[in-house]
Amino acid sequence: QFQLVESGGGLVQPGGSLRLACAVTGFKVDSYHISWFRRAPGKEREGVSCSGEDGISAYYADSVSGRFTISRDNTKNTVFLQMNNLKPEDSGVYYCAAEIGVYCYDWETGDQTYWGKGTLVTVSS
């Protein structure tokens, strides 16, 4: 009954931008902290970002800090990841994940309860 569906991935040239969306059904996103992860072929899963209470807490991997922004639209029950100045090393399948509670506690461990199926991002010239 709980479902997270990612969208917005695609092919973009280096320096371009994409906005990923995570549409949530079954629970209210303002009761959960929502994280984004990514996995590239041959690499381990990497925690990208986490949003707790909107405007209160947000966390980013060093590799994306200053380029990516996580946000929420509670009226649409959707979490976004705005990705700017994309680099080839940003390529991979991006997943959103949800865990009960408003705080991004140990979010990088990837033990969130609910996961989407992912959306593919390819950054290439």
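Modeller: First, a term: helices (H or I, at least four residues) and strands (E, at least two) are DSSP runs, numbered from the N terminus. This is a predicted model, where local features need pLDDT of at least 70, side-chain atom pairs count only at pLDDT 80 or more, and totals for chains, interfaces and linings use all residues. Residues are numbered from 1 along each chain as its sequence is written, and side-chain values use heavy atoms, with hydrogens and water left out.

Colleague: In which strand is the place of Ser51?

Modeller: Ser51 is buried, because its relative accessible area is 2% (buried is under 20%, exposed over 50%, partly exposed in between, with a 1.4 Å probe and protein chains only). Its place in the chain is strand S5.

Colleague: Which residue does a disulfide join to Cys104?

Modeller: A disulfide is a pair of cysteine sulfur atoms within 2.5 Å. Cys104 sits in the loop between S9 and strand S10 (114-115), and its partner is in strand S5 (residues 46-51), 54 residues apart. Both residues of the pair are buried. At 2.1 Å from S to S, the partner is Cys50.

Colleague: Is the link of Cys50 and Cys104 right-handed or left-handed?

Modeller: Look at the angle about the S-S bond, which is -90 degrees. That makes the link of Cys50 and Cys104 left-handed.

Colleague: How many degrees are there about the S-S bond of Cys22 and Cys96?

Modeller: These sulfur atoms are 2.1 Å apart. The pair links distant parts of the chain, with Cys22 in strand S3 (residues 18-25) and Cys96 in strand S9 (residues 92-100), 74 residues apart. Both cysteines are buried. Their link is right-handed, at 70 degrees.

Colleague: What pattern do the disulfides of the chain follow?

Modeller: The structure holds two disulfides. Count the bonded cysteines along the chain, and the pattern is 1-3, 2-4.

Colleague: Which residues do salt bridges that share partners join into one network?

Modeller: The count comes to three salt bridges. One of them pairs Arg67 with Asp90 at 2.8 Å, N to O. Arg67 lies in the loop between strand S6 (58-60) and strand S7 (68-73), so the pair ties together parts that are 23 residues apart in sequence. Shared partners join Arg38, Glu46, Arg67 and Asp90.

Colleague: What volume does the largest cavity have?

Modeller: A cavity is a set of points, on a 1 Å grid over the protein atoms alone, where a 1.4 Å probe fits but cannot get out. Points are joined across faces, edges and corners, and a volume is the space filled by probe spheres set on them. One cavity of 30 Å³ or more is counted. Its volume is about 60 Å³.

Colleague: How many charged residues are in the lining of the largest cavity?

Modeller: Lining residues have an atom within 4 Å of a point, and here they are Arg38, Arg39, Ala40, Lys43, Glu44, Glu46, Glu89 and Ser91. Ala, Val, Leu, Ile, Met, Phe, Trp, Tyr, Cys and Pro count as nonpolar, Asp, Glu, Lys and Arg as charged, and the others, Gly among them, as polar. Beside one nonpolar and one polar residue, the number charged is six.

Colleague: What separation do the C-alpha atoms of Val102 and Asp30 have?

Modeller: Val102 is placed in the loop between S9 and S10. Val102 is partly exposed, because its relative accessible area is 21%. Asp30 is 72 residues from Val102 along the chain, and their C-alpha atoms are separated by 7.3 Å.

Definitions and conventions:
Salt bridge = Lys/Arg side-chain N within 4 Å of Asp/Glu carboxyl O. 1 Å grid on protein atoms, 1.4 Å probe; cavity = no way out; pocket = protein on both sides within 12 Å on 5 of 7 lines; lining within 4 Å.
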